[in-house]
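Please read it alongside the sequence and coordinates.

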Amino acid sequence: MNTKSHTNKNDLIRRVFYGRRQGHKLHPKQARLVESFLPGIRITDFAAAPILAFTHNNFEPENLVMEIGFGGGEHLAAQAEANPNIGFIGCEPFLNGVAKLLNHIQQHDLLNIRIHDEDARDLIELMPDSCLAAVYLLYPDPWPKKKHHKRRFVNPENLHHIHRLLQPDGMFYFASDIPDYVSWALMHIRDHGGFEWQARASADWQTPFAGWVRTRYEEKALIAGRTPTYLRFQHREHIRPGYL
């Protein structure tokens, strides 16, 4: 077997992206922001040293925090405004959501946000160990059909990288309104063994995270009568598979 060809084929299969890249046509202002403003705050070229993506504005963040799949950017923008000394990295391939966040960044002159507008997996594989203080994964696509569960972002490979990227005692935050995905996440996080669940009572997973801003996805969930679940996990240095 040609090992190189086999590896490349596996990489191609692994890199299939599921989901929408764009919805409705961007408004002229949004299109201008994507064309002229986005290139200056992309983090992609700084993946191996993400802190450098912020320093050209003479901004030296105390820590870096990542949000994977920021949707319309409501939570990410609010966190950046409330924590001006922290550098925030937002990953979102859906162009319309990126455009909304760009508009907010420009209007509020936020210097502490950088964006990866492609598949988050490509970025997290390149980033260095222990570079993040926290990772947020909020309302990820649940892929409800069983045959599509393999598309869910919470899987062994992605958890490996999230654990690798977190600093000692760093935090991983997960929120969903789909009970099956919550169970799925807990199972996979337990199997990994590198995250300690911070819940001590049921109120802990019913309470939003500190500084929480309700996203449009959460609004839709509540209108539909679904109950959100908020899970907090702390990085565990010594991995213990099977333990939360």
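This is a predicted model: local features need pLDDT of at least 70, side-chain atom pairs count only at pLDDT 80 or more; totals for chains, interfaces and linings use all residues.

1. Residues are numbered from 1 along each chain as its sequence is written, and side-chain values use heavy atoms, with hydrogens and water left out.

2. Phe46, Ile51 and Leu52 make a nonpolar surface patch of about 230 Å² (residues with over 30% relative accessible area and no salt bridge, nonpolar side chains joined within 5 Å; a salt bridge is a side-chain nitrogen of Lys or Arg within 4 Å of a carboxyl oxygen of Asp or Glu; areas by the Shrake-Rupley method with a 1.4 Å probe). Leu52 belongs to helix 3, residues 52–55 (a DSSP run of H or I, at least four residues). Leu52 is partly exposed because its relative accessibility is 43% (partly exposed lies between buried, under 20%, and exposed, over 50%).

3. One cavity of 30 Å³ or more is found in the whole structure (a set of points on a 1 Å grid where a 1.4 Å probe fits but cannot get out). The largest cavity has a volume of about 40 Å³. Its lining (residues with an atom within 4 Å of a point) includes Glu67, Phe70, Glu74, Leu138 and Tyr217. The lining residues divide into four nonpolar, four polar and two charged.

4. Ala99 sits in helix 5, residues 95–108. Ala99 has a relative accessible area of 0%, so it counts as buried. Ala99 and Lys29 are 70 residues apart in sequence, with a C-alpha to C-alpha distance of 9.0 Å.

Notes
Patches are made of residues with over 30% relative accessible area and no salt bridge: like charges are joined within 9 Å, nonpolar side chains (Val, Leu, Ile, Met, Phe, Trp, Tyr) within 5 Å. Helices (H or I, at least four residues) and strands (E, at least two) are DSSP runs, numbered from the N terminus. Buried means under 20% relative accessible area, exposed over 50%, partly exposed in between (1.4 Å probe, protein chains only). On a 1 Å grid over the protein atoms alone, a cavity is a set of points where a 1.4 Å probe fits but cannot get out, and a pocket is an open set with protein on both sides within 12 Å along at least five of seven lines; lining residues have an atom within 4 Å of a point. Grid points are joined across faces, edges and corners, and a volume is the space filled by probe spheres set on the points. Ala, Val, Leu, Ile, Met, Phe, Trp, Tyr, Cys and Pro count as nonpolar, Asp, Glu, Lys and Arg as charged, and the others, Gly among them, as polar.
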